[in-house]
Amino acid sequence: MKTLIKNIDILTMDEKLGQIQGGCILIEDDEIVFAGSEADLGEGADYDKIEDGRGMLAIPGLVNTHTHTAMSLFRGYANDLPLMKWLEELIWPAEDRLEEADAYWLSLLAIAEMIRGGVTAFADMYMFMEQTAQAVLDSGVRGVLARGLQGPDGKSHNRLEENRILWENWHGEGDDRIQVMVGPHAVYTCGPSYLEEVGDLARKLGTGIHIHLSETRQEVDNCIKEYGKSPVRHLYDLGLLDGHILAAHCVHLSSEDLDILRDKDVRIAHCPASNLKLGSGIAPVREMLDRGITVSLGTDGAASNNNLSIIKEMALAALISKGAEEDATLVPASIALEMATSYGARALGLEDTIGSLSPGKKADIVLVDTHKPHYQPRGDWATHLVYSGHSGDVDSVWVNGRKLMEKKELLTIDLDRIYSEVENIYNKVMGTGNG
Ligand code: NI
C-alpha cells in the first residue's frame, strides 16, 4: 500500500533534506520512501492513495522520553508540593489502591492525549506495565516500556521478575513498536546491591535502563551523605552506566557528573515543566549540549505537569534556559525541535528507526494545521511551532504507516469509553481513604 501526502510544507529534521516548501511524502506500508518536491518525485511514481495536505506542516512524530502514562489518574491531584512530600504523603498511598486492570484505561487516556498532541513514541516507567503494553499494542502508538523497580524489600525480586517477563512477552511486539527496558526508579528507592541486580538483568536481556537521576537537590545531598558521592558517580561506580541509559531530569549536576554523562553517552530526558512544577530546579541544558550529550524531552507523569504536551515542553526548554542563563541565544527553536524529534529518537535507541522524515525510516508522521492566526505570516516553521504552537494544532498522525488520527479524530481509540472507565477508577481509588 502506497500513500502520497501532497501539498505540504515539511520540517524533515533530516540534515540533508532540511525544510521543504510545497512538497510531498510517499509512504509505502510502514516506511517513508520519499520526502521532497513533487517534481523530484517524478511522473512515473505510483501510489494507491492521495492525501491532500494543503495548509498543513508535516513534522516527524514527537518523542516523549519520560512519562508514567497510568499516572494520568492523578492529574490535578496533589498539586503545589515538593517531590518527596508529594510522593510519600499523596501519590504512593493512592497508588496502593490502584488495581492492575485500571492501568490499561489510564494508559489509554494518556496515549490518547499524546497522539492528539503529535506524540508518536514515548518511554514509560511504572507498575502494571503489561497493561500499558496492551494499550500501546491496541492504540497503534510506539512505546519503550520499563517496569518501575524499587528495593530491596519483600517484593523487589518479584518486580525484577516482572520486568524480565515484560521483556519476554512484549519486546519487539506490535511490529517492533514495543521495546522493553529495565526501570530502576532512582538511587533513593534502590539500594546498591539491588541496582547491581538491575544492571545484571539489563545486560542479560541486552536492553537499556530507564532511571530518574539527580532530580532534586535533596536527592543529591542524601546520596552524598549516604554514599559519599553524587547519584551520577554512584551509578558509575556500580557499573550501571555502561549500557544504554535513559536518565530522566538530571537537574543537579556537578561538572564531574556532566563529564561522566558525556563519557558514558547517557541520554537525558529533560522534563522542564515537571521540574518547575515540583520546584526541583532548572537542568543545566547548556552544559549538556556543549558537551555533546543527547538531551531529549519528557513530560513526566500527568500528576506533575499536568499535561503530556511535548510542544509545550519544547517552548519551556527554549524559554527557561534563556531566562536562567540570561542568554537569548540558548536553546534556539531549531534545537528544541531536535530535542523533541531526532534527539528523542536517539534517547530511546531508535535513531535508525524514527526521529526524522527520511526515506528508510518508519512512517511516524504528524500534520500540523497551520491555517490559524498564530502561524501567520507563514515563515520559519520551526520558530512558529516551538514558540507559537500548541498540541491542539495537530490534525493528523501516522505511526508505522498506520493512520491513528484524521482531522483531529482518533481512529483507534474510543474516547467516550475511556472517559467512563477512568471515572469509575477515579471513584474507586479517590472516593475512599483520605485521598
Ligand atoms: Ni518521573
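Start with Arg-142 and Asp-364. They form a salt bridge, with the closest N and O atoms 2.8 Å apart. By salt bridge I mean a side-chain nitrogen of Lys or Arg within 4 Å of a carboxyl oxygen of Asp or Glu. Across the interface of domain 1 and domain 2, that rule finds one salt bridge.

A word on the source: this is a predicted model, where local features need pLDDT of at least 70, side-chain atom pairs count only at pLDDT 80 or more, and totals for chains, interfaces and linings use all residues. Residues are numbered from 1 along each chain as its sequence is written, and side-chain values use heavy atoms, leaving out hydrogens and water.

Now the domains. Domain 1 covers 2-60 + 353-410, and domain 2 covers 62-347; these bounds come from an automatic or database domain assignment. Their C-alpha centres lie 28 Å apart. In contact (heavy atoms within 4.5 Å) are 28 residues of domain 1 and 33 residues of domain 2.

Next, the metal. What coordinates the nickel ion? His-66, His-68 and His-212, each through NE2, plus Asp-300 through OD, at 2.1 to 2.3 Å. Donors here are N, O and S atoms within 2.8 Å of the metal (3.2 Å for Na, K and Ca); water is not among the atoms, so sites may look incomplete. Along the chain, the donor spacing reads H-x1-H-x143-H-x87-D.

Last point: are His-212 and Asp-300 buried or exposed? Both are buried, meaning under 20% relative accessible area with a 1.4 Å probe, protein chains only.

Key. Buried < 20%, exposed > 50% of the residue type's maximum accessible area, 1.4 Å probe, protein only.
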